[in-house]
Amino acid sequence: MADPRIARISNAIRAIPDFPKKGIMFRDITTLLLDPAAFQDSIDLFVARYKDQGIQVVAGIEARGFIFGPPLALALGAKFVPLRKPRKLPGPTIGVDYSLEYGTDRIEMHVGAVQAGERVVIIDDLIATGGTMGAGIALIDQAGGKVVETACLIELTDLKGREKLGNTPLFVLVEYEGE
């Protein structure tokens with residue numbers, strides 16, 4: 001039997017056609033954030049997933065991974081590590097470049113934020129093509145961390161982002177296809 005919290009979460013996510021350009025169906029999580037019950041449900045489901053997995057680090061991808069990551073980290077008694085765009089973090093950083101449809105991008109974290117062998121979950125609001133999440137995995141690997149799993153509120157299944165994650169599992173709460 002399906003968990004009723006998933007339906008509440010799905011119903012709280014607004015679909016905006018033709019944003020940011022024609023042909024795109026944008027999944028807006030800001031409406032979920034306006035619904036305390038749905039927002040709490042999403043955090044509770046992530047916590048339930050990871051509470052017994054010995055997670056030491058929750059790494060959140062800029063910017064919406066910063067919404068779900070800190071409450072998850074606090075509930076797990078883990079540290080929160082932001083994975084940010086270039087030149088956003090003070091002090092020494094390490095980073096990974098990754099390909100976009102047109103060009104490249106980069107994500108970075110502080111040197112020493114993740115220690116060798118630490119168990120990590122990487123979280124973001126949505127996975128589409130998987131480039132950013134794949135870069136997050138590479139960045140944690142570079143630091144010597146062990147990515148136990150990646151997690152997203154939403155997966156756009158037709159964009160096949162899961163395929164860019166290699167053998168790293170992906171946990172999602174809501175899936176959308178063909179939009």
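Threonine 150 is buried in this predicted model, its relative accessible area being 0%, and its place is in strand E8. Strand E8, which spans residues 146-156, is among the elements that each supply at least two residues to the largest nonpolar core, a core of 29 residues.

**Surroundings of threonine 150**

- Once residues up to four places away in sequence are set aside, threonine 150 touches Tyr50, Ile122, Met133, Ile137, Leu165, Thr168, Pro169, Leu170 and Phe171.
- Of these partners, Tyr50 is one of the residues with the most contacts inside the largest nonpolar core, while Met133 is among the residues of another core, which lies apart from that one.

**The nonpolar cores**

- Within the largest nonpolar core, of 29 residues, the most contacts are made by Phe46, Tyr50, Val58, Leu72 and Leu153.
- At least two residues of this core come from each of H1, H3, helix H4 (65-76), strand E7 (119-127), strand E8 (146-156) and strand E9 (170-176), and the largest share, six residues, is supplied by H3.
- Leucine 72, with its neighbours within four places in sequence left aside, is in contact with Phe46, Val47, Tyr50, Val58, Val121 and Ile123.

**Packing of H3 against H4**

- The helices H3 and H4 pack at an angle of about 50°, their axes being 10 Å apart, and they are therefore oblique to each other.
- The crossing in which H3 passes H4 is right-handed, and the contact is formed by Phe39, Ser42, Ile43, Phe46, Val47 and Tyr50 on the H3 side and by Ile67, Phe68, Pro71, Leu72, Ala75 and Leu76 on the H4 side.
- In the contact of H3 with H4, eleven residues are nonpolar and one is polar, with no charged residue taking part.

**Packing of H1 against H3**

- Helix H1, residues 4-12, and helix H3, residues 36-50, pack with their axes 9 Å apart and at an angle of about 125°; the two are therefore oblique to each other, and their crossing is left-handed.
- H1 contributes Arg5, Ile6, Arg8, Ile9 and Ala12 to this contact, and H3 contributes Ala37, Ala38, Asp41, Ser42, Asp44 and Leu45.
- The residues of the contact of H1 with H3 comprise six nonpolar, one polar and four charged.

- Phenylalanine 68, located in helix H4, counts as buried because its relative accessibility is 0%, and the cut-off for a buried residue is under 20%.
- Not counting residues up to four places away in sequence, phenylalanine 68 touches Ile29, Leu32, Phe39, Ser42, Ile43, Phe46, Ile123, Asp125 and Leu153.
- Phenylalanine 68 and tyrosine 176 are 108 residues apart along the chain, and their C-alpha atoms are separated by 19 Å.
- Leucine 33 is found in helix H2, residues 30-33, and, at a relative accessibility of 30%, counts as partly exposed.
- With neighbours within four places in sequence left aside, leucine 33 is in contact with Phe39 and Ile67, residues that also take part in the contact of H3 with H4.
- From leucine 33 to glutamate 118, 85 residues apart in sequence, the C-alpha to C-alpha distance is 30 Å.

Conventions. Residues are numbered from 1 along each chain as its sequence is written. This is a predicted model: local features need pLDDT of at least 70, side-chain atom pairs count only at pLDDT 80 or more; totals for chains, interfaces and linings use all residues. Side-chain values use heavy atoms; hydrogens and water are left out. Axes are lines fitted to C-alpha atoms, for helices over the stretch in contact, and angles run from 0 to 180 degrees between N-to-C directions. Helices (H or I, at least four residues) and strands (E, at least two) are DSSP runs, numbered from the N terminus. Angles under 35 degrees count as roughly parallel, over 145 as roughly antiparallel, 65 to 115 as roughly perpendicular and the rest as oblique. A crossing is left-handed if the near helix is turned anticlockwise from the far one by less than a right angle, and right-handed if clockwise. Contact means heavy atoms within 4.5 Å. Ala, Val, Leu, Ile, Met, Phe, Trp, Tyr, Cys and Pro count as nonpolar, Asp, Glu, Lys and Arg as charged, and the others, Gly among them, as polar. A nonpolar core is a set of buried Ala, Val, Leu, Ile, Met, Phe, Trp, Tyr and Cys residues joined through side-chain atoms within 4.5 Å. Buried means under 20% relative accessible area, exposed over 50%, partly exposed in between (1.4 Å probe, protein chains only).
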